[in-house]
Amino acid sequence: MAKSHQLRKIFIVVFLIGWLFIAYFGWKQTTDTSSKLTTITIGYQAGDEFDIAKTRGEFAKKMKKAGYKVKFKEFQNGSAEMQALATGAIDYARTGDTPPVTALASGTNLTYVGAGGSKEQGTGILVKTSSGINSLSDLAGKKIAYTQGTSSQYLLLKALQKAGLSTSDVELVSLDQSAAAVAYEKGKVDAWANWDPQTSRLELNGSKLLVNGSDISDNNRSYLVASTSFAKSNKKVSKLIIKYLNQDMQWVNKNQTKAIKMMAKSLKLSTSVVSKMVKRRTYSFGYMTKTAVQESQDIANLFYEQGVIKKKVNVKSHVQYLK
Amino acid sequence: MKKAKTNFWTKVYPWILPVAIIVFWQIAVQTKLINSQYVPAPSAIVAQAIKSWQAGTLQKNISISLYRATLGFIWGGGLGFFFGLFSGISALFRATFDSTIQMLRNIPHMALIPLIILVLGIDESAKIFLVAVGTFFPIYINTYHGISSVSEDLLEMGRSYDLTNWQLFTKIIFPGALPTILMGVRYSLGTMWVSLIVAETVSADSGIGYMSTNAQQFMNVKIIYLCIIIYALLGKLSDFMAKQLEIISLDWQKA
Amino acid sequence: MNLVEVKQVSKAYGKNTILDTVDLNIQKGSFIALVGMSGGGKSTLMRMIAGLEEATSGVIVFNGHKVRGLNKEARIMFQDDRLLPWMTVMENLTFANKSPEKLAKAKELLELTDLTEHYDKYPTALSGGQRQRVALARALMSEPKLLLLDEPLGALDALTRQKMQDLILDICQKQAITTVLVTHDIAEAVRMADKIYVIKDQGISGRFDNPNYTGSADEQRLQRDHTEQKVLDVIYGI
């Protein structure tokens, strides 16, 4: 009796030491060593510009040389990023075109500091090729998934407007990305307003884009936003981020094969999916432009008309034109 | 000989069903009885595990999850023990805290998430806090219950046999409450993993929960299954260890 | 010389009076028994001597000092053994103090109570008689001046019980320990005690000297039966 306990005790102690050792290893992973640098926290989403910068690694190195430690935080969608931005959990957020507009309407103090190139080809409404839905007007009476507060909402409203449908002619279901993926796959919804890399992935798996951004003049840019107070006092940081990020974007344009391989690995997607996504857009990132502001204003106007937001938003007064 | 045989059977028998399920599962997928798009074969999941291990993501995410779980458990369990202990010993302490704690106990984890993000942001501390919340209550309740149900007779005996208050605690109150406390530990190890899954699906960029939601986003079913299996194994493992601890420290219960 | 003097002691729980102005002297080295109906207050009186309960009025003097709080020179052996189930026999004896002297003392007492071979067993592995022997040994660990026995043998079978009675008597006589036995078993009281007190109607209703009887075994038995009958007459008020 006593002997078997001896064994048990040794077993437990060894196990606990192993457990704590692994946990310690985990702790080391979550804390970085360089602490003297100013930390800049950037929110991003899988497959976006910052995901590339993060995976490539050059961005963080350059920022470190300039005296900043960069921390990346991944989010599932833009509205979660806006929430984190409002609470100060992140300093910058890279998001689609819609989340900043809805955040502004709900009173969040944020400022646009940068805009990406347009990616209208990769954004659209997905339907299964076998679904028999061939035009926008076929959507009448169908179930369409989108994610509230993200660019998919604008895209959807814009597309319906073009087809002469109103929101009551279709059944709109707001789901987050993970839930929507499952619902669409299982056929619980007929269509899904979404963006790359999901669109590329599904287009190669028996789906097609019923409509894409360019058909309905929705450029679906990326934006870099920060809280107003942070943006005001950190112009230098904003400029550095945009500069280095754009260098990464140019690298992608020049080294597509390498970039595709790299992204496929980090996103755990096949190279064909990533290649489709990369090839149908031009990567770039720069300061805010009048065009980009106008595009955002269009979103705000349509949302206000449709009652999505309850407050008029004047995008112009929330923009920082860097020089 | 006969005894050895029954011993062998009692050890092997409980594993027959799970092994049979796995074998059936493998065959069903291979013969296309089940659609491998939703239910990948066990062999495919193992292959995925090896692949993720070689890429370094599996061990990295497991270790990070383990770190969050452990720290959350130490905080939540430690505080739960402390509060439970004093609620069990002091009537004043109990009157002050118990009804508040009982009220907070019934709040679902999910309901706390917006508040936690608002107050603690999305750092490690938010995840660890959520785990701590999940482990606090089972340990609190069991410690409190264990301490307050220690036999009055034994306490009277201890007092009349000259024990100091500290000795009363170490010789009678604590060992008397230990079976109930250990039950709480086992239970809270369960809630520890549940809370961790919730915490890691909120906004994480590492950990098993993240691996799983990230895979869900891109419909990588193999990784989803792998994550579920890892959670199950970790849960079983921690329960097994708690059981060993019970066997050692509650040796006196069996005649 | 008296080890314990109970003077004009009353005890009430609220309006319910248990004992009313009781006087009782216990001589050093004597073995007395308190008998009576259950709920009559014999246990309460004993607990007050031990300092586990406080008298509502009156004083109890122990060895020349008023009893206030716990009486550290008295040890109770309880009705149920109250052994700590998570400690072995040896640990149950030395749980308050593990000094080498105490360990030696414990070994000696285990020898005396015939428990040496069971020293590392947990109480759940022992029989009722063995458990009570452990409880007895534990009570003797601190070499108390006064041993209080609160119906410790009530749950034992007849044969074990008689063996226990002999063991207790033997130890108390050899070590000259003053002993108070509370019991509802008159035969047990007559068998063990020098003096028997009947507790009845909130006071002491009778006191019997119980000498060592002489003569043949049959004669002794007759004399004992006679004393028993007298005690019973008082208890039932005949």
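View 1. Residues 73-93 of chain B are 95% helix and 0% strand, with the end C-alpha atoms 23 Å apart, where helices (H or I, at least four residues) and strands (E, at least two) are DSSP runs, numbered from the N terminus. Residues 105-122 of chain B are 72% helix and 0% strand, and their end C-alpha atoms lie 23 Å apart. Both spans are among those listed as "transmembrane region" in an unreviewed UniProt entry, whose positions are given in the numbering used here and whose annotations may be inferred rather than shown by experiment. This is a predicted model, in which local features need pLDDT of at least 70 and side-chain atom pairs count only at pLDDT 80 or more, while totals for chains, interfaces and linings use all residues. Residues are numbered from 1 along each chain as its sequence is written, chains are lettered from A in the order in which they are written, and side-chain values use heavy atoms, with hydrogens and water left out.

**View 2. Packing of helices α6 and α13 in chain A.** Helix α6 (residues 151-163) and helix α13 (residues 290-306) of chain A pack at an angle of about 70 degrees with their axes 11 Å apart, the axes being lines fitted to C-alpha atoms over the stretch in contact and the angles running from 0 to 180 degrees between N-to-C directions. α6(A) is therefore roughly perpendicular to α13(A), a term covering 65 to 115 degrees. The contact (heavy atoms within 4.5 Å) includes A:Y154 and A:L157 of α6(A) and A:I299 and A:F303 of α13(A).

**View 3. The interface between chain B and chain A.** Here 39 residues of chain B are in contact with 40 residues of chain A. About 3700 Å² is buried between the chains, 66% of it from carbon and sulfur atoms, buried area being the accessible area (1.4 Å probe) that two parts lose on being put together, summed over both.

Note on methods:
Parallel < 35°, antiparallel > 145°, perpendicular 65-115°, else oblique.
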